[in-house]
Amino acid sequence: MNRTPHIAVIGAGIAGSACASTLQGAGFQVSLFDKSRGPGGRMSTRRGDGWQCDHGAQYFTARAPAFRAEVARWEVAGVAAKWQAQVRSFGGDSAAGSVDADSATERFVGAPRMSSVAAWLASSLALSTKVTISGLQREAVGWSLLVQDGHALGEAYDIVVLAVPAPQAAPLLRKVAPQQAALAEQVRMAGCWSLMLDYDAPLVLDFEAAFVNQGPLRWVARDSSKPGRAGRESWLLHASAAWSEQHIERDGDEVAALLLAAFAELGGPAPQRWSAHRWRYASTPQVRSEGCLWEPAQGLGVCGDWLNGGTVETAWLSGQALAQRIIAAQA
């Protein structure tokens with residue numbers, strides 16, 4: 001009887017978690033690794049004493065039938081729910097505070113926090129957190145994963161999946177798959193400054209979320225209005241990609257002062273507490289359309305939103321597409 005292939009998936013965001021859970025469901029042995037404290041990637045939530053705030057992806061849509069069916073499964077499991085927010089637009093061609101033209105869009109969020117979806121997908125997986133993979137090495141017995149000090153993890157893997165942003169995938173691919181590394185190096189990902197606001201009392205504003213088309217802000221949202229949230233009033237401010245890139249190396253205090261001033265122009269008062277987070281690889285202005293990459297001769301795959309459209313939905317579809325290609329190759 002042939003041995004069950006052992007697959008290492010690097011990156012426990014939505015693409016990696018979706019790919020890993022599908023592969024395990026198909027009978028493969030899967031080990032999932034992430035450098036953070038838990039799964040979720042940019043579907044991330046910051047928590048404190050009596051307070052929480054999603055500071056990465058804010059919501060997701062479900063247009064593809066396969067993904068809509070998956071979201072329905074998440075709803076049944078209680079880890080996702082519709083967010084029926086009052087959304088407005090400010091600046092640009094929009095009248096001040098106008099109802100957003102896309103307000104009828106069906107929006108979903110993780111529940112009770114954005115990271116809940118990836119945590120649920122990874123709940124039955126062998127997940128290792130706070131592990132930074134710094135290199136890949138192909139040997140006769142399989143793939144070795146190198147950690148930051150240059151040492152290899154003890155296990156050899158038959159297949160490796162990279163589910164990380166393009167700038168993190170490129171150096172891992174450079175020595176083992178130069179063509180795929182060159183592709184990843186062509187992809188530019190923009191950063192994003194995120195500011196989480198903590199209030200002792202609810203704000204009196206006539207919107208729960210807004211697209212902002214002027215100044216440093218691009219998006220603001222009352223995080224505590226999302227389904228399943230508990231605790232104090234919380235708001236999230238996202239700076240635009242262009243502004244974030246221009247100010248990516250600035251001190252968090254300086255960034256917070258500028259973003260709070262912009263929020264004040266929309267009627268937002270100063271918070272009692274705030275926390276800033278800098279996402280270096282938040283969005284992909286020019287995404288690719290490969291969906292995923294798979295090299296069966298090497299047993300090496302790559303998935304992620306940057307290969308498929310840049311959203312939560314396309315990240316999941318990318319992870320699924322790669323899982324199906326691996327399954328087909330082993331049939």
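The model is predicted: local features need pLDDT of at least 70, side-chain atom pairs count only at pLDDT 80 or more, and totals for chains, interfaces and linings use all residues. Residues are numbered from 1 along each chain as its sequence is written, and side-chain values use heavy atoms, with hydrogens and water left out.

Start at T4, in the segment before β1 (6–10). Helices (H or I, at least four residues) and strands (E, at least two) are DSSP runs, numbered from the N terminus. T4 is partly exposed, at 40% relative accessibility. Buried means under 20% relative accessible area, exposed over 50%, and partly exposed in between (1.4 Å probe, protein chains only). T4 and F28 are 24 residues apart in sequence, yet their C-alpha atoms are 6.0 Å apart. Beyond neighbours within four places in sequence, T4 is in contact (heavy atoms within 4.5 Å) with G27, F28, Q29 and D158.

Next comes β1 itself. Of its 5 residues, 5 are buried. H6, A8 and I10 lie on one side, I7 and V9 on the other. In a regular strand the side chains alternate between the two faces of the sheet.

Two strands pair if DSSP finds at least two bridges between them. β1 pairs in the parallel sense with β2 (residues 29–33) over 5 bridges. Here H6 stands opposite Q29. β1 also pairs in the parallel sense with β12 (residues 159–162), over 4 bridges. There I7 has I159 as its bridge partner.

Now to the interior. A nonpolar core is a set of buried Ala, Val, Leu, Ile, Met, Phe, Trp, Tyr and Cys residues joined through side-chain atoms within 4.5 Å. The largest has 51 residues, and I14, F60, W74 and V161 have the most contacts inside it. Apart from it lies another core of 29 residues, including A177 and L293.

The whole structure holds 13 aromatic pairs. Rings of Phe, Tyr and Trp (its six-membered ring) pair if their centres lie within 6.5 Å; planes under 30 degrees apart count as stacked, over 60 as edge-to-face and the rest as tilted. F60 and F108 are stacked, with 6.0 Å between centres and 20° between planes. This pair links distant parts of the chain, 48 residues apart. F60 is buried at 2% relative accessible area, and F108 is buried at 0%. Ring pairs join F60, F67, W74, F108 and W316 into a cluster.
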